[in-house]
Amino acid sequence: MQTEFTPAQLADPATAGAARIIRNCVHCGFCTATCPTYTLLGDELDSPRGRIYLMKQMLETEATPTPEVVKHIDRCLSCLSCMTTCPSGVHYMHLVDHARAYIEQRYRRPLAQRFIRGLLAAVLPYPGRFRLALALAPLARPLGPLFARVAALRPLAAMLTLAPRALSTRARGEDSRVAGARGRVALMQGCAEPVLRPEIRAATVRLLNRMGLDVLFAPGEGCCGALVHHMGREAAALAAARRNVDAWTRAIEAEGIIAIVITASGCGTTIKDYGHMLAHDPAYAEKAARVAALAKDVSEVIADQGLPLATIAAGMRIAYHAACSLQHGQKAGGKAADLLRAAGFDVHTPAEAHLCCGSAGTYNILQPEIAGELGDRKAARLAALDAGAVATGNIGCATQIGARLATPVLHVAELLDWATGGPKPAALDPQNQTR
Ligand code: SF4
Ligand code: SF4
């Protein structure tokens, strides 16, 4: 696609990067077929190709974004299905990330949107605040139906619907070393996952220890920055990235870790992109690239290091949901399913496996109608498999799907831990199946 950026505009590395991406697009439209929002809404402006046009025009003219342009960019899930489909290698992720930062700097959103986005950015990345918000959610829950009736307040209703009814008590993870370890990894602590489902981290530690790996938690590490990054809050996202790069660089230098293990694939996609995000920061570019190169989804580490021998003949029927961030963002969606099969599970994938479940970071809060339709569609496809459990590798998907499905939704690591000698996940006990 021809672009009309001026030399002055191209002197800015971020704009030059966006221009390169746009030029790679040949306007073929293959990506529209696999885009969830185009599939649902049928509007070219809600397709990758349509959005690329909107972004090109907005960036070339340096126009103040219009509400119409913002609407279509906001509706993008950043699921990256278009990147899997595109035959021309268009790096849509970097383009839409840049466009979102541009919009955030130049567009004044309506008051309700500013409030809700500010609230999400101030609460979700901080486990203590998030835990407190979840503890207070039951008090606000009676207001949910009222919020749902007012369009501008529907995100608040969505938050209350997604908030779990029971809260766990465990907080931070502790280093866990094994005698005669053959290696040492840093397990990412992150933000939301240990608050919502600390069982995932516990299972992962047991599994990695069983594989002969010491598991460390790097002091100072926290939210990867994806939540604010997807809202266009570039400065906050880069601050989170720098803090994590510092924390893991200390761990690399002091402990010789061989991998940074990530159990939430949404975070993994962002951490693997730290090298790009900090490429123009001379103080961080090299360190960020090193951290990004060591970042691995837990399924990649297990596949690389070797799954321990299965100790149960599980044979259980599992519906595997590959998170978009894993299958499209990291191109590693198949590893988890292979590991589950190797551990003895009878693994099936649903129809429309490429389509997003609607979780997409804060999307299911900020765009509750589209997210709800996608969530229901995904839950129906998974339910059709009639499995004993759904397995996935991302806490966002687990929350989105779990809110709609009677079948227990587990992390892949929980099932692999069980199959190789760990405890049976509590969610599989009939008395814990509440839906
Ligand atoms: S990231 Fe997903 S929702 Fe956004 S344009 Fe690409 S396929 Fe469509
Ligand atoms: S598939 Fe790729 S090249 Fe074709 S329109 Fe979509 S983004 Fe452009």
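Let's start with strand 1 and strand 2. In this predicted model, the two strands pair in the parallel sense, over 4 bridges. Take one bridge. Val185 has Val215 in strand 2 as its partner.

Now stay on strand 2, residues 213-216. Is each face covered or open? Both are covered. Leu213 and Val215 are buried on one side. Asp214 and Leu216 are buried on the other.

Next, the core. In soluble globular proteins, nonpolar side chains tend to be buried together. Here the largest nonpolar core has 133 residues. Val185 is back again, among those with the most contacts inside this core. Which helix gives the core its largest share? Helix 15, residues 234-255, with 8 residues.

Look at Ala186 up close. Leaving out residues up to four places away in sequence, Ala186 touches Leu216, Phe217, Ala218, Trp248, Ala251, Ile257, Ile260 and Val261.

On to helix 19, residues 298-305. Its buried residues are Val298, Ser299, Glu300, Val301 and Ile302. What do they pack against? Three strands are on the list: strand 1, strand 3 and strand 4. Helix 13, helix 21 and helix 25 are there too. After helix 19 comes Gly306, with a positive phi near 100°.

Last stop, ligand 1. How many residues surround it? The count is 13. The closest are Cys35, Pro48, Cys76, Cys79 and Cys82. By type, the shell holds 9 nonpolar, 3 polar and 1 charged. Helix 3 (36-41), helix 4 (48-61) and helix 6 (81-85) each supply at least two of the shell residues.

Notes:
Residues are numbered from 1 along each chain as its sequence is written. Chains are lettered from A and ligands numbered from 1 in the order in which they are written. This is a predicted model: local features need pLDDT of at least 70, side-chain atom pairs count only at pLDDT 80 or more; totals for chains, interfaces and linings use all residues. A residue is near a molecule or strand if its C-beta atom, placed from the backbone, lies within 6 Å of it. Ala, Val, Leu, Ile, Met, Phe, Trp, Tyr, Cys and Pro count as nonpolar, Asp, Glu, Lys and Arg as charged, and the others, Gly among them, as polar. A residue is buried if 20 or more other C-beta atoms lie within 10 Å of its own, exposed if 12 or fewer, and partly exposed in between; C-beta atoms are placed from the backbone. Two residues are in contact if their C-beta atoms, placed from the backbone, lie within 7 Å. Two strands pair if DSSP finds at least two bridges between them. A nonpolar core is a set of buried Ala, Val, Leu, Ile, Met, Phe, Trp, Tyr and Cys residues joined through C-beta atoms within 7 Å.
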